[in-house]
Amino acid sequence: MRFFAVGDLQLTDKIPIRRKDNFIDAEFKKLKSIGNLVRENHVDVLFLLGDVFDYSTVSLWFINRIVQEFKLFNVPVYSIVGNHDVAGRVEGVHETALGNLFETGIVKRLSLVQYINGICVRGIDYTTNHNLDLYKADPGDIILSHNMIVPTPFPYTDYLLACDVANIIKKGVVICGHYHIPFEYVNENVKVLNPGVIVRTDITEIDTDPSVLLFNTADQSYKFLSLNSSRGVDVFNTEEYNKDKVDELNLQDFISAIRSTQFQVCDIEATVQRIGKDLNIEDNVIKEVIRRVKIAKVSA
Ligand SMILES: [Mn+2]
(Lines give C-alpha, C1' and ligand atoms only; values in the text may rest on other atoms or scores of the structure.)
Protein backbone atom coordinates (compact mmCIF):
# COMPACT_ATOMS: atom_id res chain seq x y z
CA MET A 1 0.00 0.00 0.00
CA ARG A 2 1.22 3.47 -0.88
CA PHE A 3 -0.29 6.19 1.24
CA PHE A 4 -0.03 9.84 2.07
CA ALA A 5 -0.06 11.07 5.65
CA VAL A 6 -1.15 14.69 5.84
CA GLY A 7 -0.35 16.68 8.99
CA ASP A 8 -2.44 19.33 10.73
CA LEU A 9 -4.36 21.09 7.96
CA GLN A 10 -5.83 23.64 10.44
CA LEU A 11 -8.34 24.73 7.77
CA THR A 12 -10.24 27.86 8.71
CA ASP A 13 -12.38 30.63 7.23
CA LYS A 14 -10.99 33.05 9.84
CA ILE A 15 -7.90 34.86 8.61
CA PRO A 16 -4.96 34.63 11.05
CA ILE A 17 -3.80 38.09 12.19
CA ARG A 18 -0.25 37.82 10.91
CA ARG A 19 -1.04 36.56 7.41
CA LYS A 20 -0.75 39.19 4.67
CA ASP A 21 -1.47 37.08 1.59
CA ASN A 22 -4.84 35.91 0.24
CA PHE A 23 -5.12 33.31 2.99
CA ILE A 24 -8.33 31.56 1.88
CA ASP A 25 -6.96 31.19 -1.66
CA ALA A 26 -3.71 29.79 -0.24
CA GLU A 27 -5.66 27.15 1.71
CA PHE A 28 -7.48 25.88 -1.37
CA LYS A 29 -4.27 25.98 -3.42
CA LYS A 30 -2.73 23.66 -0.84
CA LEU A 31 -5.61 21.20 -1.15
CA LYS A 32 -5.21 21.30 -4.94
CA SER A 33 -1.45 20.61 -4.60
CA ILE A 34 -2.21 17.62 -2.36
CA GLY A 35 -4.70 16.35 -4.99
CA ASN A 36 -2.07 16.69 -7.75
CA LEU A 37 0.51 14.81 -5.68
CA VAL A 38 -2.04 12.04 -4.94
CA ARG A 39 -2.43 11.48 -8.70
CA GLU A 40 1.28 11.84 -9.57
CA ASN A 41 2.36 9.38 -6.91
CA HIS A 42 -0.42 6.82 -7.43
CA VAL A 43 -1.26 6.59 -3.75
CA ASP A 44 -4.01 4.19 -2.63
CA VAL A 45 -5.12 5.94 0.54
CA LEU A 46 -4.80 9.30 2.25
CA PHE A 47 -4.60 9.63 6.04
CA LEU A 48 -5.28 12.92 7.81
CA LEU A 49 -3.49 13.21 11.15
CA GLY A 50 -6.16 15.32 12.91
CA ASP A 51 -6.67 19.07 13.34
CA VAL A 52 -8.25 19.04 9.89
CA PHE A 53 -9.95 22.26 11.08
CA ASP A 54 -8.49 25.06 13.17
CA TYR A 55 -11.87 25.60 14.89
CA SER A 56 -14.63 23.07 15.49
CA THR A 57 -17.15 24.96 13.32
CA VAL A 58 -16.80 26.77 9.99
CA SER A 59 -19.15 28.54 7.55
CA LEU A 60 -21.29 26.35 5.30
CA TRP A 61 -19.73 27.73 2.06
CA PHE A 62 -16.30 26.86 3.44
CA ILE A 63 -17.10 23.27 4.34
CA ASN A 64 -18.83 22.76 0.98
CA ARG A 65 -15.69 23.87 -0.81
CA ILE A 66 -13.59 21.54 1.34
CA VAL A 67 -15.91 18.66 0.37
CA GLN A 68 -15.48 19.58 -3.34
CA GLU A 69 -11.68 19.51 -3.02
CA PHE A 70 -11.60 16.25 -1.07
CA LYS A 71 -13.82 14.60 -3.72
CA LEU A 72 -11.16 15.41 -6.32
CA PHE A 73 -8.58 13.35 -4.40
CA ASN A 74 -10.45 10.32 -5.72
CA VAL A 75 -8.91 7.95 -3.13
CA PRO A 76 -10.29 6.87 0.26
CA VAL A 77 -9.56 9.49 2.94
CA TYR A 78 -9.39 8.56 6.63
CA SER A 79 -8.87 10.80 9.64
CA ILE A 80 -8.20 10.70 13.34
CA VAL A 81 -9.61 13.49 15.53
CA GLY A 82 -7.43 16.38 16.75
CA ASN A 83 -7.98 18.74 19.67
CA HIS A 84 -8.73 21.70 17.36
CA ASP A 85 -11.38 19.72 15.46
CA VAL A 86 -13.45 19.37 18.61
CA ALA A 87 -12.29 22.20 20.92
CA GLY A 88 -10.68 19.50 23.08
CA ARG A 89 -13.77 17.28 23.51
CA VAL A 90 -13.43 14.30 21.16
CA GLU A 91 -16.83 12.85 22.19
CA GLY A 92 -18.46 15.94 20.65
CA VAL A 93 -17.08 15.31 17.14
CA HIS A 94 -20.58 14.77 15.67
CA GLU A 95 -21.32 18.47 16.38
CA THR A 96 -18.33 19.73 14.40
CA ALA A 97 -17.12 20.47 10.87
CA LEU A 98 -15.04 17.28 10.94
CA GLY A 99 -18.21 15.46 12.01
CA ASN A 100 -19.83 16.82 8.81
CA LEU A 101 -17.04 15.29 6.73
CA PHE A 102 -17.50 11.95 8.51
CA GLU A 103 -21.28 12.15 7.98
CA THR A 104 -20.94 12.82 4.23
CA GLY A 105 -18.60 9.80 3.98
CA ILE A 106 -16.04 11.91 2.14
CA VAL A 107 -13.72 11.26 5.09
CA LYS A 108 -13.90 8.05 7.12
CA ARG A 109 -13.14 8.09 10.81
CA LEU A 110 -10.21 5.92 11.81
CA SER A 111 -10.92 3.72 14.79
CA LEU A 112 -8.50 2.16 17.25
CA VAL A 113 -7.91 -0.83 14.95
CA GLN A 114 -8.89 -1.55 11.31
CA TYR A 115 -7.44 -3.35 8.35
CA ILE A 116 -6.91 -1.26 5.24
CA ASN A 117 -5.58 -3.05 2.14
CA GLY A 118 -4.59 -5.91 4.45
CA ILE A 119 -2.53 -3.71 6.81
CA CYS A 120 -3.42 -3.12 10.46
CA VAL A 121 -3.87 0.62 10.98
CA ARG A 122 -4.38 2.00 14.48
CA GLY A 123 -5.83 5.47 15.01
CA ILE A 124 -5.17 7.35 18.24
CA ASP A 125 -7.34 10.48 18.54
CA TYR A 126 -6.25 13.39 20.72
CA THR A 127 -6.49 12.36 24.37
CA THR A 128 -5.86 14.08 27.69
CA ASN A 129 -4.46 10.76 28.92
CA HIS A 130 -1.57 10.37 26.48
CA ASN A 131 0.71 7.55 27.62
CA LEU A 132 3.07 4.92 26.24
CA ASP A 133 0.55 2.07 26.71
CA LEU A 134 -1.45 3.51 23.80
CA TYR A 135 1.41 2.55 21.48
CA LYS A 136 1.46 -1.18 22.26
CA ALA A 137 0.95 -2.83 18.88
CA ASP A 138 1.89 -5.84 16.81
CA PRO A 139 5.01 -5.78 14.63
CA GLY A 140 4.37 -4.05 11.33
CA ASP A 141 1.30 -2.11 12.43
CA ILE A 142 0.89 1.47 11.36
CA ILE A 143 -0.07 3.80 14.18
CA LEU A 144 -1.45 7.29 13.54
CA SER A 145 -1.67 9.67 16.50
CA HIS A 146 -2.75 13.24 17.13
CA ASN A 147 -0.83 13.67 20.37
CA MET A 148 2.37 15.34 21.48
CA ILE A 149 5.34 13.23 20.42
CA VAL A 150 8.58 15.20 20.12
CA PRO A 151 12.11 14.32 19.00
CA THR A 152 13.83 16.07 21.93
CA PRO A 153 12.67 17.33 25.36
CA PHE A 154 10.49 20.36 25.02
CA PRO A 155 9.26 23.13 27.37
CA TYR A 156 5.75 21.74 27.49
CA THR A 157 4.08 19.25 29.77
CA ASP A 158 2.47 16.03 28.65
CA TYR A 159 4.67 14.93 25.79
CA LEU A 160 6.24 11.59 24.90
CA LEU A 161 9.69 11.33 23.39
CA ALA A 162 9.95 9.65 19.99
CA CYS A 163 12.70 7.32 21.30
CA ASP A 164 10.44 6.12 24.19
CA VAL A 165 7.56 5.47 21.78
CA ALA A 166 9.98 3.55 19.50
CA ASN A 167 11.07 1.37 22.45
CA ILE A 168 7.46 0.40 23.17
CA ILE A 169 6.46 -0.54 19.63
CA LYS A 170 9.73 -2.37 18.81
CA LYS A 171 8.86 -2.84 15.11
CA GLY A 172 6.53 -0.64 13.12
CA VAL A 173 5.65 2.89 12.15
CA VAL A 174 4.16 5.77 14.12
CA ILE A 175 3.05 8.84 12.20
CA CYS A 176 1.98 11.78 14.30
CA GLY A 177 0.43 15.21 13.99
CA HIS A 178 -0.27 17.86 16.68
CA TYR A 179 3.37 19.00 16.97
CA HIS A 180 3.69 21.38 14.00
CA ILE A 181 7.40 21.07 13.28
CA PRO A 182 8.25 18.12 10.99
CA PHE A 183 10.70 15.50 12.23
CA GLU A 184 11.80 11.92 11.62
CA TYR A 185 13.14 9.57 14.29
CA VAL A 186 14.34 6.31 12.76
CA ASN A 187 16.14 3.31 14.18
CA GLU A 188 16.65 -0.18 12.79
CA ASN A 189 13.05 -1.36 13.30
CA VAL A 190 10.95 1.69 14.06
CA LYS A 191 10.09 4.90 12.32
CA VAL A 192 8.44 7.81 14.13
CA LEU A 193 7.53 10.42 11.54
CA ASN A 194 5.79 13.78 11.59
CA PRO A 195 5.18 15.63 8.30
CA GLY A 196 4.36 18.92 10.14
CA VAL A 197 1.69 21.57 9.75
CA ILE A 198 0.08 22.25 6.36
CA VAL A 199 -1.73 25.59 6.74
CA ARG A 200 0.50 27.97 8.69
CA THR A 201 -1.74 30.03 10.96
CA ASP A 202 0.98 31.13 13.39
CA ILE A 203 4.05 33.24 12.59
CA THR A 204 6.23 30.82 14.60
CA GLU A 205 5.68 28.42 11.65
CA ILE A 206 7.34 30.86 9.23
CA ASP A 207 10.27 28.51 8.46
CA THR A 208 8.14 25.42 7.85
CA ASP A 209 7.90 24.13 4.27
CA PRO A 210 4.44 22.49 4.21
CA SER A 211 4.90 18.89 3.08
CA VAL A 212 3.08 15.56 3.00
CA LEU A 213 4.53 12.17 3.80
CA LEU A 214 4.55 9.45 1.13
CA PHE A 215 4.90 5.97 2.65
CA ASN A 216 5.18 2.61 0.88
CA THR A 217 4.38 -0.37 3.13
CA ALA A 218 5.94 -2.84 0.65
CA ASP A 219 9.50 -1.74 1.43
CA GLN A 220 8.80 0.65 4.36
CA SER A 221 10.32 3.51 2.37
CA TYR A 222 9.13 7.06 2.80
CA LYS A 223 9.76 10.60 1.74
CA PHE A 224 8.44 14.07 2.48
CA LEU A 225 7.00 15.85 -0.56
CA SER A 226 6.91 19.65 -0.50
CA LEU A 227 3.65 21.36 -1.51
CA ASN A 228 5.74 24.17 -3.02
CA SER A 229 3.87 26.75 -0.96
CA SER A 230 4.87 30.41 -0.82
CA ARG A 231 7.79 31.17 1.48
CA GLY A 232 6.90 32.04 5.07
CA VAL A 233 8.29 35.57 4.70
CA ASP A 234 5.91 36.15 1.78
CA VAL A 235 2.76 35.12 3.65
CA PHE A 236 3.41 36.54 7.12
CA ASN A 237 3.57 40.21 8.03
CA THR A 238 6.99 40.12 9.69
CA GLU A 239 7.44 43.93 9.83
CA GLU A 240 4.35 44.37 11.99
CA TYR A 241 5.28 41.35 14.13
CA ASN A 242 8.81 42.63 14.76
CA LYS A 243 7.48 46.09 15.63
CA ASP A 244 5.00 44.60 18.12
CA LYS A 245 7.81 42.53 19.59
CA VAL A 246 10.04 45.62 19.98
CA ASP A 247 7.15 47.58 21.56
CA GLU A 248 6.62 44.75 24.03
CA LEU A 249 10.36 44.56 24.79
CA ASN A 250 10.53 48.34 25.38
CA LEU A 251 7.60 48.05 27.71
CA GLN A 252 9.24 45.19 29.60
CA ASP A 253 12.51 47.18 29.95
CA PHE A 254 10.59 50.16 31.23
CA ILE A 255 8.71 48.04 33.78
CA SER A 256 12.04 46.52 34.92
CA ALA A 257 13.51 50.04 35.32
CA ILE A 258 10.60 51.00 37.55
CA ARG A 259 10.81 47.76 39.55
CA SER A 260 14.49 48.38 40.27
CA THR A 261 13.84 51.94 41.49
CA GLN A 262 13.67 52.37 45.25
CA PHE A 263 10.40 54.12 45.96
CA GLN A 264 10.55 56.91 48.49
CA VAL A 265 7.12 58.13 47.59
CA CYS A 266 3.77 56.44 47.61
CA ASP A 267 2.69 57.99 44.36
CA ILE A 268 3.71 55.32 41.86
CA GLU A 269 1.90 57.09 39.05
CA ALA A 270 4.07 60.20 39.45
CA THR A 271 7.20 58.04 39.64
CA VAL A 272 6.28 56.24 36.45
CA GLN A 273 5.66 59.59 34.74
CA ARG A 274 9.04 60.94 35.92
CA ILE A 275 11.07 57.85 34.94
CA GLY A 276 9.19 57.67 31.66
CA LYS A 277 10.09 61.27 30.81
CA ASP A 278 13.74 60.67 31.87
CA LEU A 279 13.94 57.65 29.58
CA ASN A 280 12.18 59.49 26.77
CA ILE A 281 9.34 56.95 26.67
CA GLU A 282 6.29 57.69 24.54
CA ASP A 283 3.15 58.85 26.34
CA ASN A 284 1.05 55.85 25.29
CA VAL A 285 3.67 53.47 26.72
CA ILE A 286 3.71 55.42 30.00
CA LYS A 287 -0.08 55.19 30.16
CA GLU A 288 0.07 51.43 29.53
CA VAL A 289 2.63 50.95 32.31
CA ILE A 290 0.48 52.94 34.74
CA ARG A 291 -2.47 50.77 33.78
CA ARG A 292 -0.47 47.57 34.38
CA VAL A 293 0.94 48.87 37.70
CA LYS A 294 -2.62 49.65 38.86
CA ILE A 295 -3.76 46.13 37.92
CA ALA A 296 -0.74 44.68 39.75
CA LYS A 297 -1.63 46.75 42.83
CA VAL A 298 -5.24 45.65 42.78
CA SER A 299 -4.37 41.99 42.34
CA ALA A 300 -1.47 42.08 44.84
MN1 LIG B 1 -3.44 19.61 17.72
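How many Å separate the centres of domain 1 and domain 2, taken over C-alpha atoms? The first legend gives the value.

**View 1. The whole chain and its two domains in a predicted model.** The protein chain divides into domain 1 (2-234) and domain 2 (237-299). Taken over C-alpha atoms, the centres of domain 1 and domain 2 lie 43 Å apart. The C-alpha trace spans about 80 × 45 × 35 Å along its principal axes. The chain holds 8 helices and 14 strands. It has 300 residues, and 32% of them count as buried. Contacts with a separation of 6 or more are counted next: 69% of them join residues 24 or more positions apart.

**View 2. Strand 5 beside strand 6.** Strands of a sheet pair through backbone hydrogen bonds, either parallel or antiparallel. Here, strand 5 and strand 6 (residues 119-124) pair in the antiparallel sense. Their pairing runs over 3 bridges. Tyr 115 stands opposite Cys 120 in strand 6.

**View 3. Helix 3 and its buried residues.** Helix 3 spans residues 97-104. Ala 97, Leu 98, Asn 100 and Leu 101 are buried there. These residues cover an arc of only 150° around the axis, which puts them on the same side of helix 3. The buried residues pack against helix 2 (60-73) and strand 3 (77-79). Gly 105 follows helix 3. The phi of Gly 105 is positive, near 85°.

**View 4. Helix 6, hardly covered.** Helix 6 takes in residues 238-259, a run of 22 residues. From its first C-alpha to its last, helix 6 reaches 31 Å. That is close to the 32 Å expected at 1.5 Å a residue. How many of its 22 residues are buried? The count is 0.

Notes: Residues are numbered from 1 along each chain as its sequence is written. This is a predicted model: local features need pLDDT of at least 70, side-chain atom pairs count only at pLDDT 80 or more; totals for chains, interfaces and linings use all residues. A residue is buried if 20 or more other C-beta atoms lie within 10 Å of its own, exposed if 12 or fewer, and partly exposed in between; C-beta atoms are placed from the backbone. Helices (H or I, at least four residues) and strands (E, at least two) are DSSP runs, numbered from the N terminus. The arc is that of the directions from the helix axis to the C-beta atoms. Two residues are in contact if their C-beta atoms, placed from the backbone, lie within 7 Å. Domain bounds come from an automatic or database domain assignment. Two strands pair if DSSP finds at least two bridges between them. The expected span of a helix is 1.5 Å times one less than its number of residues.
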